[in-house]
Amino acid sequence: METQPKTFTDRDALINHVRALSPSLSPDDVSVSDTRGGRQAGQNLLGKIDPIAYGHSRNYLGGAVSYLSPYIRHGIISLNEVRNFALEAAPEDEPIRPIEKFVQELAWRDFWQRVYQQNPDWIWQDVETYKTGFAPDDYSDTLPDDIETAQTDCAAINHFITSLKTTGYLHNHARMYLAAYIVHWRRVKWQAGAHFFLAHLLDGDPASNNLSFQWVASTFSNKPYFFNLENLQKFAHPQAPCAEADNLALAGSYDQLAARLFPYGVSS
Ligand SMILES: Cc1cc2nc3c(=O)[nH]c(=O)nc-3n(C[C@H](O)[C@H](O)[C@H](O)COP(=O)(O)OP(=O)(O)OC[C@H]3O[C@@H](n4cnc5c(N)ncnc54)[C@H](O)[C@@H]3O)c2cc1C
């Protein structure tokens, strides 16, 4: 196997080298993420984490999330290191509760890794049946073109797809929205959605990604995850275009959407 160079005069030289490795891709098809590689970049972000603010704001797309996932995923920063950093950020008189949520999320990563290790088959196979009233064959095997190209009829969804493809990152809540849209609104197999995410995420990880997709789909949980426009407007605005006129398919109460998305009823 050809050994790749590890040092470059500057970032442009690195980008040009990587582009040259895939000559069939046109420059229009390739976006360069702002995320910087390497231990120093990871440590800089680690120094900026705010686990207390995280606890109050993590569900908001503009919340105090860490952006550490690519570094954790590729072994540049360890989970233990992040946990210890968070513990140091806790107030002396209340060392656990204010940072609990942040440490719990780190634990989710560890949990998915352990599930993967013990059940490698669960990464691409349905762990359980869908609880959506539909059978696996009712779902499409392939991702529709309008999702691939960010041209669905929902502006917020298009925004998430474009962010995923151009930055290699999505906030956790945006991942949940987009995964739910793919599986439940468009009735596409979670595996096709998981492939799409893994192709673009800089933190793309079979355990965290695919098992989260199975959780959204309901093949690894007791009910499907879905959302409505009101929820999106609360947590995603102003990071995503959330006007009702531009997102009609997402509008309605949870009962109305459940009747539309799962007409045969949700089982558990
Ligand atoms: C459909 C879907 C696909 C996902 N795919 C991936 C993936 O490929 N790779 C990946 O690392 N994570 C994945 N996640 C989990 C989570 O969305 C990301 O880890 C998180 O958004 C990364 O951003 P951050 O570093 O700013 O996270 P923060 O919110 O700042 O969290 C800090 C760290 O905790 C861990 N973490 C946080 N939330 C979760 C979670 N729900 N599950 C597992 N670990 C978590 C991550 O290592 C993260 O870097 C996925 C979630 C969903 C719903």
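**Cores, helices and loops**

Reader: Which residues touch the most other members of the largest nonpolar core?

Author: A nonpolar core is a set of buried Ala, Val, Leu, Ile, Met, Phe, Trp, Tyr and Cys residues joined through C-beta atoms within 7 Å. Buried means 20 or more other C-beta atoms within 10 Å of the residue's own, exposed means 12 or fewer, and partly exposed lies in between, with C-beta atoms placed from the backbone. Of the 40 residues in the largest core, the ones that touch the most other members are F160 and L178.

Reader: Which element supplies the largest share of this core?

Author: α8 (155-167), α9 (172-185), α10 (190-200), α11 (206-217) and α12 (229-235) each give the core at least two residues. With 9 residues, the largest share comes from α9.

Reader: What kind of model is this, and how many helices does the protein have?

Author: This is a predicted model, where local features need pLDDT of at least 70, side-chain atom pairs count only at pLDDT 80 or more, and totals for chains, interfaces and linings use all residues. Residues are numbered from 1 along each chain as its sequence is written. Helices (H or I, at least four residues) and strands (E, at least two) are DSSP runs, numbered from the N terminus. The protein has 0 strands, and its helices number 13.

Reader: What share of the residues in the protein is buried?

Author: The C-alpha atoms fill a box of roughly 60 × 55 × 40 Å along the principal axes. Of the 268 residues, the buried share is 29%.

Reader: Which residues does L178 contact, leaving aside its neighbours within four places in sequence?

Author: Two residues are in contact if their C-beta atoms, placed from the backbone, lie within 7 Å. Once the neighbours within four places are set aside, L178 is in contact with I157, F160, I161 and L170.

Reader: Which residues does the second core include?

Author: This core is separate. It has 11 residues, among them L68, I72, A86 and F102.

Reader: What share of the contacts is between residues 24 or more positions apart?

Author: The count takes contacts with a separation of 6 or more. Among these, residues 24 or more positions apart account for 67%.

Reader: Which residues of α11 make the contact with α10?

Author: The axes of the two helices are 9 Å apart, and the packing angle is about 145 degrees. From α10 come W190, G193, A194, F197 and L198. They meet, on α11, N209, N210, F213, Q214, V216 and A217.

Reader: Where is P238, and what is omega for its cis peptide bond with H237?

Author: P238 sits in the loop between α12 and α13 (254-261). Most peptide bonds are trans. The bond joining H237 and P238 is cis, with omega of about 5 degrees.

Reader: Is Y67 buried, exposed or partly exposed?

Author: Y67 is in the loop between α3 (51-57) and α4 (69-73). Its phi is positive, about 60 degrees, although Y67 is not a glycine. Y67 has 15 C-beta neighbours inside 10 Å, so it counts as partly exposed.

Reader: What is the phi of A150?

Author: A150 lies in the loop between α7 (145-148) and α8. With 17 other C-beta atoms within 10 Å, A150 is partly exposed. Although A150 is not a glycine, its phi is positive, at about 60 degrees.

Reader: How many Å apart in space are D29 and K165?

Author: D29 is in the loop between α1 (11-21) and α2 (39-46). D29 has 9 other C-beta atoms within 10 Å, so it is exposed. D29 and K165 are 136 residues apart in sequence; in space, C-alpha to C-alpha, the distance is 9.5 Å.

Conventions:
Axes fitted to C-alpha atoms, helices over the stretch in contact; angles between N-to-C directions.
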